[in-house]
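User: I have a new model on screen. Can you show me how to read its overall features?

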There are 2 protein chains.
Amino acid sequence: MSVVLFGFGGVGRTFAEVLYSRTDVRIAGVFDSGGGVVKCAGLERAELRALLAAPRGGVASSGVGSRGGLEEALECADVLVDVSPPNYSTGEPALSAYRLALSKGRAVVTANKAPLALRFGEFLGRPVYYKATVMAGTPVIDLARGLVGQKVLRIRGILNGTTNYILTRVDRDGLSFGEALEEAKAKGYVEPDPSIDLEGLDAAAKLVILANTLGASLSLQDVAREPVRYLGRVTKYIAEADLERGAARVAPAKLQESDLLASVGYTLNAVEIVTETNDIVVIGKGAGRLETSLALLNDALKALGRIGRW
Amino acid sequence: MSVVLFGFGGVGRTFAEVLYSRTDVRIAGVFDSGGGVVKCAGLERAELRALLAAPRGGVASSGVGSRGGLEEALECADVLVDVSPPNYSTGEPALSAYRLALSKGRAVVTANKAPLALRFGEFLGRPVYYKATVMAGTPVIDLARGLVGQKVLRIRGILNGTTNYILTRVDRDGLSFGEALEEAKAKGYVEPDPSIDLEGLDAAAKLVILANTLGASLSLQDVAREPVRYLGRVTKYIAEADLERGAARVAPAKLQESDLLASVGYTLNAVEIVTETNDIVVIGKGAGRLETSLALLNDALKALGRIGRW
């Protein structure tokens, strides 16, 4: 059994190491911005090590396997694993890659939020596994799928760890917003395009994916967004959706100290899901490289039939 | 598509109503302590109403359908739904019913903790859907299945709503333990055999099911149990398992006010799952009739292929 890696940055590399150290599933192709390599029999450990030593964008010129295209790689693999960066304008090139994989009967496992945030409906009912896109370390997508069949009224959450880190440093530790932002950048928490975190696009994409999982029909353009800013104690950057009215937004808000979400600090994420019978709160880590890789691993094992569906 | 109901008490009746009001799935057989009825074409709504008007144990003498056995009913149904009361000595009669259903290629959906708490390993990898057994209203089993592939270190939770109600009434509202127990009984929160709640068997069974879902091999006999009692503020009846050492227990404990579990009051449940990379807390309702029925509905829809597995 084998997978194709679409993307080979930090998460892709960590996932590859996790896959080889914990399973006998092999990688039959790797693609990055500079092209790709294919080896239908699966990369040997030494070949993976050589790829891991290649610079970003250097997969095709690594000398490992043979240069090839995605279609060729998908002929010999079971699953496409998308760890490419999100493109919130078009979803590409991942979107086309999913269509190609599904047309060949392959499953898709993804940590990339853009294709689903832009076109959830297109993939509804198709074998696209996506728990790594929302609170990656915390399988809230699986919990949400367990609620299908009941009426979900609303969602409210802290879905972006970067902005929660900044706000918590200001709120609890007395830094200025600018100092906290610089610190978050120095720690590597901020996206290469900071507006994706600071203007709520990342949180909005996660909200859209979670809301659709719960049966709503919400798209990224439906989410009103206000940039993060500090409003005084306790400020949280809240993503919320009223599934009955179809209204959704990402905006800073002052919470009561007694609000469970007010206690969720630093890079932690949390979400509250209110249904016709229940009020569920889930708190845990979001997306680190290892957390995301382990979520991808679980989905890949499910896609490969290694974990039952019950 | 149709199901067989094994048990027809409070949860079974609510589930039947939910199934008929929300889906086109029909009931092909109903069994209770007095026998069973079979109607391969599926019960009509009027027939279900007649059954709902029958007394406990009165299914076979209701005049609905034709009297018949479980084997006959399973010939014409896709799924066995177990809503019979737990028998923690033998797991019967549910255990034999699962074996019969699985031998005929049928799936099992269950809210009954006993068979899995006693014999989880026997059903590993078989189509037995059981999210209704642990924190029924809150699909923590689905979340836990999303963690498979990573190392889980320990679990700690408030898994029995009845004892948490009693302790919270003492702790926050000043009742004596006896008064709170009587109130919980009057509200119908306490099992017919109160020791199942008060001596920790219910919580232990849930702990065993959750631990096994997370990859541990823990059985009901491995769980040390102390009866619930009030130790002062803030007392919680904690079920915990160290999955590395294989040690597990249910016992009252005094928590720090700052502990997230200390804030979980009345009939609410909560669980903390600590993995190699994450510390996840899930808070929500446990088992009410409607909550349990909606969990069973979701599992039945999954078993019938109405909800995809990704």
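Predicted model: local features only at pLDDT ≥ 70, side-chain atom pairs only at ≥ 80, totals over all residues.

User: How many helices and strands are in chain A?

Analyst: Helices (H or I, at least four residues) and strands (E, at least two) are DSSP runs, numbered from the N terminus. Chain A has 11 helices and 13 strands.

User: What is the radius of gyration of chain A?

Analyst: The radius is taken over C-alpha atoms, and the globule rule is 2.2 Å times the number of residues to the power 0.38. For chain A the radius of gyration is 20 Å, close to the 19 Å from the rule for 310 residues, so the chain is as compact as a globular protein of that length.

User: What share of the residues in chain A is buried?

Analyst: Buried means under 20% relative accessible area (1.4 Å probe, protein chains only). In chain A, 61% of the 310 residues are buried.

User: How many positive and negative side chains does chain A have?

Analyst: Lys and Arg count as positive, Asp and Glu as negative; His and the chain ends are not counted. Chain A has 36 positive and 35 negative side chains.

User: Which domains is chain A divided into?

Analyst: Domain bounds come from an automatic or database domain assignment. Domain 1 covers 2-134 + 289-303, and domain 2 covers 144-285. Contact means heavy atoms within 4.5 Å. The contact takes 10 residues from domain 1 of chain A and 13 residues from domain 2 of chain A.

Key: Residues numbered from 1 in each chain as written. Chains lettered and ligands numbered in written order. Heavy atoms only, no water. Buried < 20%, exposed > 50% of the residue type's maximum accessible area, 1.4 Å probe, protein only. Charge placed at Lys NZ, Arg CZ, Asp CG, Glu CD.
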